[in-house]
Amino acid sequence: MSLAIQQMFDAISARYDLANRVLSLGIDPSWRRSALRLLAPRPGATVLDVATGTGDLAIALSQAVGITGRVVGVDLAAGMLRLAPAKAAAVRRRAAMAALGWIQGDALALPLASASFDAATMAFGIRNTDDPLGALCELRRVVKRGGRIVILEFGQPRDRLFAPLYQLYSRHVMPRIGGLLTGAAAAYSYLPRTAAAFPCGTAFAAWMREAGLARIVVRPLFLGVAWLYRGEVL
Ligand SMILES: C[S@@+](CC[C@H](N)C(=O)[O-])C[C@H]1O[C@@H](n2cnc3c(N)ncnc32)[C@H](O)[C@@H]1O
């Protein structure tokens, strides 16, 4: 399964950012900014971004923690990761930011020492893993006691009027436009299909508790299209 996921993201990597911007109607960067605000890392912190993809959240994190901090982005797909250093270098030319490292690795077996990060994030990645609870446990393992973990993931909107409209959009429009932009329509029917089935809200919060996280915060974004979660390592 994870090989298929890796190949899928490698195949769409070159147009991934463009497809995100178009399909989210330009909203997805604001969701990552909300994740950053909810994490609120302190200057100088060491932060891990798992399923970092092309690195947008990791880059934003490295600006937030500043030059005394350190950020590591981990992703399964080398094709996605390959795009991140140039994006980071472009930002570094105009803004102060922490040292950034990129590692190819699996969220279910992070190649990182236990309790080695002050905080961690995972944006739109946990749904793609074979074992979301296992991924949460791995995040908890590598974060120090008292550290925060923020997860951003798709879910299902519940609004009576908006939910059917979103379903039409995600089932019929998204695969067509995603296919046109990336040449991989299957990837963009996979996205709404997995999002429609993925536990969100209190159901996902229960997994966070099971993984040993506490002080859970749950926030719907854009009427529940996406969800933000924060937990603390005890
Ligand atoms: C939808 S993208 C999200 C990328 C980025 N976080 C963002 O916000 O744009 C999902 C990413 O998860 C990665 N991924 C999927 N399964 C993974 C796993 N088991 N371990 C690490 N990364 C994984 C994919 O390679 C892909 O880059």
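Q: So where does the ligand sit in this model?
A: In this predicted model, the ligand sits in the largest cavity.

Q: And how many cavities of 30 Å³ or more does the count come to?
A: The count comes to one cavity of 30 Å³ or more. The largest cavity has a volume of about 400 Å³.

Q: What does the probe idea tell us, in general?
A: Rolling a probe the size of a water molecule over the atoms shows where empty space is left.

Q: Nice. Which residues are closest to the ligand?
A: The ligand is surrounded by 19 residues, and the closest are Tyr16, Ala51, Asp75, Ala107 and Ala123.

Q: What classes do the residues of that shell fall into?
A: Ten residues of the shell around the ligand are nonpolar, six are polar and three are charged.

Q: Which helix gives the most to the shell?
A: That's helix 1, residues 2-23, which gives four residues to the shell around the ligand.

Q: Ok, let's get down to atoms. What's going on between Ala51 and the ligand?
A: A nitrogen atom of the ligand lies 2.7 Å from a backbone N or O atom of Ala51.

Q: And which side chains have an N or O atom 2.8 Å from the ligand?
A: Arg32 is one of them: an N or O atom in its side chain is 2.8 Å from an oxygen atom of the ligand. Asp106 is another, with a side-chain N or O atom 2.8 Å from a nitrogen atom of the ligand.

Q: How much of the ligand's accessible area does the protein cover?
A: On its own the ligand has 590 Å² of accessible area, and the protein covers 97% of that.

Q: Back to the cavity, then. What lines it?
A: The largest cavity has 32 lining residues, and those nearest its centre are Ala51, Asp75, Phe124, Gly125 and Asn128. Elements that each give two or more residues to this lining are helix 1, strand 1 (46-50), helix 3 (56-65), strand 2 (70-75) and strand 4 (117-123).

Q: Which of those gives the largest share?
A: Helix 1 again, with six residues of the lining of the largest cavity. By class, the lining of the largest cavity has 15 nonpolar, ten polar and seven charged residues.

Q: Switching topic: what about pockets? How much space is in the largest one?
A: The largest pocket holds about 440 Å³ of space. It has 28 lining residues, with Leu23, Ser24, Phe154, Met174 and Leu191 nearest its centre.

Q: Which elements give two or more residues to that lining?
A: Helix 1, helix 2 (28-39), helix 7 (162-182) and helix 8 (185-197) do. Helix 1 has the largest share of the largest pocket's lining, seven residues.

Q: Last one: what is the volume of the second largest pocket, and which residues line it?
A: The second largest pocket has a volume of about 220 Å³. Its lining includes Gly155, Gln156, Pro157, Tyr166, Arg171 and Arg193.

Note on methods:
Residues numbered from 1 in each chain as written. Predicted model: local features only at pLDDT ≥ 70, side-chain atom pairs only at ≥ 80, totals over all residues. Heavy atoms only, no water. Near = heavy atom within 4 Å. Polar contact = N/O pair within 3.5 Å; in protein donor to acceptor, adjacent residues only side chain to side chain. Areas by Shrake-Rupley, 256 points an atom, 1.4 Å probe, with all protein chains shown as cover. 1 Å grid on protein atoms, 1.4 Å probe; cavity = no way out; pocket = protein on both sides within 12 Å on 5 of 7 lines; lining within 4 Å. Sits in = over half its atoms within 2 Å of the grid points. Nonpolar A, V, L, I, M, F, W, Y, C, P; charged D, E, K, R; others polar. Points joined across faces, edges and corners; volume = space filled by probe spheres on them.
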